[in-house]
4 protein chains.
Amino acid sequence: MNFASDNAGGVHPRVMAALAAANEGQVPSYGTDRITRAAQDRVREVFEAPDASVHFVMSGTAANALSLSLLAPGWGKIYCHSDAHIQTSETGSPEFFTGGAKLLLVPGDDGRITPAALSRALAANGRDSVHAGANMALSLTNATEWGTVYDPAEVATLSAIAREMGLSVHMDGARFANALAALQVSPADLTWRAGVDILSLGATKNGCMGVEAVVIFDPEKAEEFEFRRKRGGQLASKHRYLSAQILAWLEGGLWLDLAGRANATAAELAVGLAAFPGVSIDQKVQTNAVFATLPRALHDKARAAGAQYHLWPHDQAEDGDEPVSIRLVAGWDADPADVRAFLSALA
Amino acid sequence: MNFASDNAGGVHPRVMAALAAANEGQVPSYGTDRITRAAQDRVREVFEAPDASVHFVMSGTAANALSLSLLAPGWGKIYCHSDAHIQTSETGSPEFFTGGAKLLLVPGDDGRITPAALSRALAANGRDSVHAGANMALSLTNATEWGTVYDPAEVATLSAIAREMGLSVHMDGARFANALAALQVSPADLTWRAGVDILSLGATKNGCMGVEAVVIFDPEKAEEFEFRRKRGGQLASKHRYLSAQILAWLEGGLWLDLAGRANATAAELAVGLAAFPGVSIDQKVQTNAVFATLPRALHDKARAAGAQYHLWPHDQAEDGDEPVSIRLVAGWDADPADVRAFLSALA
Amino acid sequence: MNFASDNAGGVHPRVMAALAAANEGQVPSYGTDRITRAAQDRVREVFEAPDASVHFVMSGTAANALSLSLLAPGWGKIYCHSDAHIQTSETGSPEFFTGGAKLLLVPGDDGRITPAALSRALAANGRDSVHAGANMALSLTNATEWGTVYDPAEVATLSAIAREMGLSVHMDGARFANALAALQVSPADLTWRAGVDILSLGATKNGCMGVEAVVIFDPEKAEEFEFRRKRGGQLASKHRYLSAQILAWLEGGLWLDLAGRANATAAELAVGLAAFPGVSIDQKVQTNAVFATLPRALHDKARAAGAQYHLWPHDQAEDGDEPVSIRLVAGWDADPADVRAFLSALA
Amino acid sequence: MNFASDNAGGVHPRVMAALAAANEGQVPSYGTDRITRAAQDRVREVFEAPDASVHFVMSGTAANALSLSLLAPGWGKIYCHSDAHIQTSETGSPEFFTGGAKLLLVPGDDGRITPAALSRALAANGRDSVHAGANMALSLTNATEWGTVYDPAEVATLSAIAREMGLSVHMDGARFANALAALQVSPADLTWRAGVDILSLGATKNGCMGVEAVVIFDPEKAEEFEFRRKRGGQLASKHRYLSAQILAWLEGGLWLDLAGRANATAAELAVGLAAFPGVSIDQKVQTNAVFATLPRALHDKARAAGAQYHLWPHDQAEDGDEPVSIRLVAGWDADPADVRAFLSALA
């Protein structure tokens, strides 16, 4: 009954098998091998983006920070949601990799930036100026930190506002597959066709072992990325083992199947929870996270039964009388039995 | 009729005279000269801080950024007001000099942080964590960007909250003399006795040519500062010319006289403005800035008469019909005739 | 016949098996799992260093750069060999992670720094000074970039010279196991007992998939490392898969067996090569690399037979008449048949 | 008798007078004033470079580091002489401002890089590569740290070699006026006509109080410089006082007169010294520095008479029997009586 994080999950058997298959003989290192080329081609194909430049890195933090460093110099301003992972959960990694860029926070319900809020933030921060820095990038998380999504039209609207002010657009797609699965749209529609310049494509949470792709739709920045990746400590020497994961994960739409499975589990959890008196579901459940508020007694029962999840926000007391707000995240490998056990425990 | 900025003002004759007097013969460079030692001693005396470490730099931006870099590493969190100069007007200099620290914004009326708002911000951002970074510093601007002040008791209260959470306290004193003159308290009472660890002491705006002091009340950080200053390009070779300014500026309380004069001019402007129908004074006028809203017709008259000041916020239209919000800043050398001329022009 | 790099090799079956075994169920992420604790304990045990702080990262570049960032601030000076990997092959990663530290190069035969050369370099660069920076660290590569080693007494002598001048000591152990296997000494004797403060312990080249350990013998720096690792993009979310590799690799001395095997292959290559007229072996072959000069005709035969290796230095012509200098590296998984085939091809 | 440094000297009376004259009324800040525009125009005129972008900063370290940051990113390689000030005396400032670029050292007699040495260094470091970084810039100091000069043809030859390899060219002109005065060539001939892209033009040592110009011959980089200058803490608020110095210093060729005067004093010192038995002049005396080796007895006499100069290199003993190597630097304001007194003291 571990609903703490999709990072708690394992690696899908087909990805494990691909790693084993890749472990044959000696091949060129640092990304010059055949498996890597195949994986890059496969990403381009899936995104219908034959000119895109595709790079694999070893963590989501690095994927985001390196991507942003292509878009914003140290005097740049990056707009993102107040709850964006790059702001709250990466310990200044974007600032480090960009050389000091400033994240300007846009508030919004459901973890989402609205066009109005983005316009307000841009207006408030004004033109580029030597005193205030230069507007450089918008970063959207999709699916968001609150499990909600932007659809292609919404992304396109926000991108257009950003572009109008001279900003490029980054998408933090740590859970991009979950968004795709929820929206039933194509990868191209949710990214470059909607104005996204660079995508951090998360694979680790969704069935891989440790690999993320950076997809640069404007290939002009590709060479700079290579230098930045190496000096950022993100150029894997035995590169084939990153690439093999990606290949297997995309093969036959596995990535979408796994994301869909996680989304479905979250939906099941939400429906089950909502049936208990006093429980509120606090966010639309669009992907694989459920944010809910429970009467304390239910929370105590869940904990007693061994359920793992985070209090959300973190600064609530484990003990007490008041209702508790929690986050449940469903991994691709959530056991249906666990879901039943969890809901039974509350009964 | 230049009320655009106190940076528009000149250098006080006694400071100019001190520069001329310092221009005698050959003396050791890089701050090892007698004038520098005398100026450092004088600052320590004025602050009743015999152990403080005193350093001179060439810009307020550098004074703030170098000071903060002693208090927060790249993974540190610095709390400051949403309108703090370090956030809005230094183009990422704190991020650059700290190696990526994150500024967390605390909202508040009048440019001031309240104890409640600080506590809320600290609670919301939570404990140090490898994912979210480490709480490191509180930065207070005094006088604030809106011309208001914190008195010693207020500084002490905020410092105590900060210290409780493990934060050090920086004061951006670009207009510290104006705050002192307004509050009629001692430099020590408004800084180290109230819990301030490092002060950026602004002199340039207030009658000097180009020098700011960094006063480090805990001298343990002094050596690191020296390295940081040099590699930051802020170690003046002909150091005596920085130090001579500071000596003359402190001599006989000149700094407080000049600040008091600027404050008085602002008060006069505010009183004069408030007498016009339709004018509102939007902030308490405690130091040398006036924030006011004027009927458009008055603004047009002022402009026609050649008055210089900034629209505040900047994104208002110069032309139109609606009322205009403006900022007037009085320098130490504001000409009383200019004040009269300005007010007459509106009549 | 791939002797280009030990990064070309695969993953040892026992390491693959450990990854498969670790792929069971849901476990806490970000290094708080049981496998990680077991792997850290195992490293401490192997190094007889119960207080050491042990951290896993995803690349050798990151292991080095993060380690150095604990020892040297941006104004620090790091002494290393002119051919050190941190100088020649990491694209400024140490400079990036330290915030600008300067690498001072010490020349020396065989990729090794001698005590006399180190003393000369330290004397030439002099004391700490605000103009020249602060002496901070010595970085030794062991085994070196030229396949040679420092024995414990040599490390201790260099460390003592460094410490005398206030420097800490880092060891780049990308091929540390090869050095141990060659020297037949204990890990403790070659590191902390010889004055090493931090070790980058390479596992990837030597039978793992992608993991390096940073072993900090003075645990005071451990917390800072955690922050630096996260913001450096090196905190693996599904941490168990890094740790499982290390556990299997150390188990039963596998790491030393694999390194010994690679060393033996290199020795065999060297002996075989030396038998050809006109061939010179240009460096003592102490670990798994052979540097040799071949008559052009031999090189042409090798290439014709499909042998892969690097010209060393790189700026030699592939075509021509002059002798060719080359580097051969033996991986843990070099096929004895390949060695025989290579030598036969030259005959 | 202070020959320690040209930083020990004062400010020329005409520069002081210009500062006094600039101290009139209120003018726009941050470089938007008339005096600044005039000074920029004057620099362009003197350099016959109507399109050049001209910026004033407050220290030579900042001028160099900001200039280099326009030419080399964090993964860039900058070639400079082993004794270049940017390597030996700026505490990592170039690394800090560039975000980690690496300085590659080219040895050479007399503080000068020869074409052959530059070619060798470029060949040894090879092509751009993701492992080794990108070749980005050559930095030449003129006059050099050893008081010697490159003439226009020599600069052009080195620039051509650099450009062939894709490098831009920076000139550290902390003593550029001394080089011009020695060579009797035009500023344009010694810079952009000889392939220099950016010049750090030193004024402080040569009669100013504290100002350096950065002259960017390719104006495309001008906007980026403005952002970098501000966040680097080098945008002076009361800018007119920087600009007024430059204007007066260039007016009527004052800068060349002062440099010529300093050069002549150095020549006089060298001739005088050389007349003493046992004295050797160790470098050609082309500008305002004399490097000489003295019998200990002469050194003792000089010290007894109160002469100030540096032992060069620094790590010689003040006491002893062996000859002493020293550096004498003549400032623009060296007193002829001091020269006579110094030489008499040795007799």
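At 12% relative accessibility, Arg228(A) counts as buried, since the cut-off for buried is under 20%. This value, like the others here, comes from a predicted model. Arg228(A) forms a salt bridge with Glu224(A), and the closest N and O atoms are 2.8 Å apart. Glu224(A) is partly exposed, its relative accessible area being 25%.

Both residues belong to helix 10 of chain A, which covers residues 222-231. Arg228(A) and Glu224(A) are four residues apart there, about one turn of the helix.

## Helix 2 of chain A

Another salt bridge joins Arg44(A) to Asp41(A), with 2.9 Å between the closest N and O atoms. The two residues are separated by about one helical turn, because they are three residues apart in helix 2 (residues 34-46) of chain A. Asp41(A) has a relative accessible area of 41% and is partly exposed.

In chain B, the side chains of Arg42(B) and Glu45(B) meet in a salt bridge at 3.3 Å, N to O. Glu45(B) is exposed, with a relative accessible area of 55%.

## A network and the total

Salt bridges with shared partners also link Glu48(A), Asp189(A) and Arg193(A) into one network. Side chains of opposite charge can pair when their charged atoms come close. Over all chains, a search of the whole structure finds 48 salt bridges.

Technical notes. Residues are numbered from 1 along each chain as its sequence is written. Chains are lettered from A and ligands numbered from 1 in the order in which they are written. This is a predicted model: local features need pLDDT of at least 70, side-chain atom pairs count only at pLDDT 80 or more; totals for chains, interfaces and linings use all residues. Side-chain values use heavy atoms; hydrogens and water are left out. A salt bridge is a side-chain nitrogen of Lys or Arg within 4 Å of a carboxyl oxygen of Asp or Glu. Buried means under 20% relative accessible area, exposed over 50%, partly exposed in between (1.4 Å probe, protein chains only).
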